[in-house]
Amino acid sequence: MFKQIKDLAGGEYYLITSLLIFMVFFIIVGVYLIKLNKNYIDQMSQMPINEPQLNEDENIDC
Amino acid sequence: MQLEKFTYDNKIVRNFGLATLIWGIIGMTVGLLIAMQLFKPSMNLGNQYTTFGRIRPLHTNAVIFAFVGNAIFMGVYYSLQRLLKARMFSDVLSKIHFWGWQLIIVSAVITLPLGFTTSHEYAELEWPIDIAITLIWVVFGINMFGTILKRREQHLYVAIWFYIATFVTIAVLHIVNSFELPISFLKSYYVYAGVQDALVQWWYGHNAVAFFLTTPYLGMMYYFLPKMANRPVYSYKLSILHFWSLIFIYIWAGPHHLLYTSLPGWAQSLGVAFSIMLIAPSWGGMINGLLTLRGAWDKVREDVNLKFMVVALTAYGMATFEGPMLSLKQINGVAHFTDWIVAHVHVGALGWNGFLTFGIMYWLIPRIYKTELYSKKMASFHFWIGTLGIIFYAVPMYWAGFTQGLMWKEFTPDGLLKYPNFLTTTLQIIPMHVLRSIGGALYLTGVIVMAFNLGKTMLKAKLVADEPAEAMPLAKNINITDPADQKWHRALERKPMKFMILALIVILIGGMVEMMPTFMIQSNIPTIASVKPYSPLELQGRDLYIREGCVNCHTQTVRPFRSETERYGDYSKAGEFVYDHPFLWGSKRTGPDLHRIGGKYTNAWHFNHMLDPTSMSPGSIMPPYPWLIKQQLDTTTTAIKVRAMQTLGVPYVSGYDVVANTELQAQADSIAKDLQQNNIKVKSNREIIALIAYLQRMGTDIKANKFTIPSNQ
């Protein structure tokens with residue numbers, strides 16, 4: 001079953017390392033996401049629609 | 001605290017918008033022309049500057065770098081200023097960026113039809129233009145980072161993360177894929193050869209799709225879609241996860257373009273595994289976009305901008321599901337080299353890039369002109385004819401791809417190829433190519449209608465070149481006493497340079513794991529003793545093959561399938577390409593593979609075939625190449641080419657450059673003599689002689705010397 005990642009004359013080292021890098025990377029991003037502050041998320045997601053602009057004509061539509 | 005008054009630069013946004021329209025129409029018109037060439041060879045217009053091989057790269061470069069490129073800069077320059085509450089860092093740099101980019105495009109329009117090409121797909125432009133691209137890209141980077149540094153908004157919205165990743169990754173890709181040894185003003189050789197060159201090229205090619213056609217567009221989607229729907233993005237957390245996982249995973253997936261080639265098996269497996277994983281972040285983006293419209297679907301019925309955005313996101317979802325499926329070896333074995341891949345690419349290009357661009361332009365142009373769109377009806381017409389165009393383009397191409405891919409593999413009960421003549425499979429799908437052109441024409445009509453509509457919109461009002469705005473200065477805004485602000489990622493976001501470096505590290509990991517072993521471990525590219533460097537005449541012939549863009553229709557890699565070894569001959573080995581600067585494996589078989597063409601036909605057959613392909617293959621759609629018979633081969637470059645190859649490690653004996661032309665002449669004379677015996681009178685100094693020499697050499701090194709092939713190939 002794992003013959004594509006075993007017995008590759010040294011090549012398997014790269015496959016297994018990549019898998020580990022990949023897992024570590026996602027664990028870090030996962031932990032970071034869980035710890036994110038809700039107010040911050042709200043503030044960030046409002047950013048494009050809360051643009052203070054002068055002479056903004058909201059009636060423009062097409 | 002005092003509000004600061006400043007202005008947004010809308011003129012640069014408008015200029016990039018105009019360039020998007022103009023180059024879009026030009027690039028798609030060339031696309032339509034080459035589509036017609038595939039069923040009506042007379043559309044090659046009978047001259048060398050408009051043959052398929054030379055102008056297919058013009059189409060791809062024009063739509064990717066001119067149409068999409070200008071659209072990216074339009075979207076980035078509009079959204080960046082507003083998200084950062086600051087005018088662009090420097091108006092002068094903006095202008096240099098704009099005009100520099102247009103000059104690069106013009107230089108492509110001139111050099112590609114003239115046959116100056118590196119042959120690397122989507123990186124065909126020669127080395128002086130590569131340098132110009134680097135310089136202009138740096139100008140863009142300075143302008144973007146300068147704006148980020150003088151911003152009045154503490155945090156960087158996720159769209160800007162995508163822009164930063166785009167900037168840094170394209171810079172890395174472009175530089176690594178441009179290591180060329182110049183031999184004249186517009187000719188160079190890649191320093192990489194064979195398998196290594198293929199790996200670098202498809203690491204570049206795949207990630208150009210990722211970081212030129214995807215990440216900047218996702219950034220724009222995250223800004224413009226909430227603006228259009230007037231509601232925040234569905235999940236900001238998902239956008240963060242989507243961002244980091246996308247840029248991390250994408251970079252590994254390049255080798256899926258090289259499945260069943262002589263690339264080391266472990267690198268192919270790695271490419272497949274990461275390609276499958278790519279579904280998750282890609283669909284994360286699509287779902288985030290579509291769910292942003294939750295509760296606003298009634299608006300989609302009314303608002304043509306949103307219609308364009310919804311189709312764009314749907315096309316993105318389809319293409320990014322199909323991509324990983326195509327990277328599965330079993331599917332790839334049928335789909336690769338067929339029109340299936342062309343269909344896949346165009347669902348992304350026409351649907352995702354095209355429709356997102358159109359949606360943004362219909363929204364943005366009236367706003368920077370403070371007016372309303374000239375005609376909503378026309379925009380709606382554009383939406384429907386564009387959608388119809390995509391369907392008429394994609395469905396026939398899928399059909400053609402399935403049909404031809406299966407025909408190539410079909411055997412009779414006796415175990416013989418059912419369609420041994422490649423041309424039979426080409427002629428079978430001609431009606432599909434006609435339909436595809438109709439699809440392309442419908443899509444182009446929509447774009448022309450849009451150009452008219454937006455042109456009228458611009459003419460009826462005056463551009464607000466400097467749009468006034470006001471915001472608090474940044475220094476007074478920062479409140480680092482808030483404990484939440486002290487967390488590492490939020491701190492990182494306030495430090496864009498460190499953010500860029502982290503993004504750089506993330507994208508470098510995959511590329512390095514894949515490339516370093518292929519470059520540093522000898523066993524990955526085993527040599528074959530009987531494979532010798534090209535003769536000087538073959539080397540010149542190879543450069544003509546590159547100049548004419550033969551690689552656009554013919555591959556040079558026989559895959560280890562019985563259907564291919566039956567049709568073409570022994571499958572290709574890594575060791576056969578060690579002197580190939582650049583590799584010419586190609587990615588599409590409009591005509592048959594040529595790796596084992598050497599010795600298959602006579603010199604006279606090749607001569608007649610190049611003069612008039614239909615004389616040897618009745619019904620052939622290959623254009624004739626009469627100029628090769630008229631034009632004299634430039635032998636003044638032979639010595640410098642041999643020396644360049646020596647510099648790159650090709651083992652010509654010392655001093656070979658001095659005698660190279662003598663050997664070239666001797667080989668040319670023998671071919672001319674052979675042709676004469678077949679009643680073909682042609683001078684030995686013609687280009688056709690060199691091309692025949694190259695074609696006759698291809699793949700022959702191991703034919704009579706099979707014992708020299710190492711056991712692991």
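Which handedness, left or right, does the crossing of helix 5 of chain B and helix 6 of chain B have? Keep that pair in mind; the tour reaches it at the third stop.

**Before you select anything**

This is a predicted model, in which local features need pLDDT of at least 70, side-chain atom pairs count only at pLDDT 80 or more, and totals for chains, interfaces and linings use all residues. Residues are numbered from 1 along each chain as its sequence is written, and chains are lettered from A and ligands numbered from 1 in the order in which they are written.

**Stop 1: chain A**

Select chain A. It has two helices and zero strands. Helices (H or I, at least four residues) and strands (E, at least two) are DSSP runs, numbered from the N terminus. Of the 62 residues in chain A, 11% are buried. A residue is buried if 20 or more other C-beta atoms lie within 10 Å of its own, exposed if 12 or fewer, and partly exposed in between, with C-beta atoms placed from the backbone.

**Stop 2: the nonpolar core**

Now select Y77(B), A159(B), I247(B), A312(B) and L691(B). These have the most contacts inside the largest nonpolar core, which has 214 residues. Such a core is a set of buried Ala, Val, Leu, Ile, Met, Phe, Trp, Tyr and Cys residues joined through C-beta atoms within 7 Å. Helix 2 (residues 52-84) of chain B gives the largest share of this core, 19 residues. At least three residues come from each of domain 1 (4-451 + 487-514) and domain 2 (536-708) of chain B.

Centre on I247(B). Leaving aside neighbours within four places in sequence, I247(B) is in contact with A165(B), T215(B), A503(B), V506(B) and I507(B). Two residues are in contact if their C-beta atoms, placed from the backbone, lie within 7 Å.

**Stop 3: helix 5 and its partners**

Select residues 158-176 and 194-212 of chain B. These are helix 5 and helix 6, packed at an angle of about 160° with their axes 10 Å apart. Helix 5 of chain B is therefore roughly antiparallel to helix 6 of chain B. Axes are lines fitted to C-alpha atoms, for helices over the stretch in contact, and angles run from 0 to 180 degrees between N-to-C directions. Angles under 35 degrees count as roughly parallel, over 145 as roughly antiparallel, 65 to 115 as roughly perpendicular and the rest as oblique.

Here is the reply to the opening question: the crossing of helix 5 of chain B and helix 6 of chain B is left-handed. That term applies if the near helix is turned anticlockwise from the far one by less than a right angle; clockwise is right-handed. On helix 5 of chain B, the contact residues include A165(B), T169(B) and L173(B). On helix 6 of chain B, they include Y204(B), A208(B) and F211(B).

Show A159(B), F162(B) and A165(B) from helix 5 of chain B, with T215(B), G219(B) and Y222(B) from helix 7 of chain B; they are among the contact residues.

**Stop 4: between the domains**

Colour chain B by domain. The assignment gives domain 1 (4-451 + 487-514) and domain 2 (536-708), with bounds from an automatic or database domain assignment. The C-alpha centres of domain 1 of chain B and domain 2 of chain B lie 33 Å apart. Contact involves 43 residues of domain 1 of chain B and 46 residues of domain 2 of chain B. On the domain 1 side, helix 2 of chain B supplies the largest share, five residues.

**Stop 5: backbone details**

Select S119(B). Although not a glycine, S119(B) has a positive phi of about 80°. S119(B) is in the loop between helix 3 (91-111) and helix 4 (127-149) of chain B. It counts as buried, with 22 C-beta neighbours inside 10 Å.

Step to Y122(B), in the loop between helix 3 and helix 4 of chain B. Phi of Y122(B) is near 65°, a positive value. Y122(B) has 18 C-beta neighbours inside 10 Å and counts as partly exposed.

Next, go to H581(B) and P582(B). A cis peptide bond joins H581(B) and P582(B), with omega about -5°. P582(B) sits in the loop between helix 22 (562-567) and helix 23 (603-611) of chain B.

**Stop 6: P468(B)**

Finish at P468(B), in strand 4 (residues 466-471) of chain B. P468(B) is exposed, with 12 other C-beta atoms within 10 Å.
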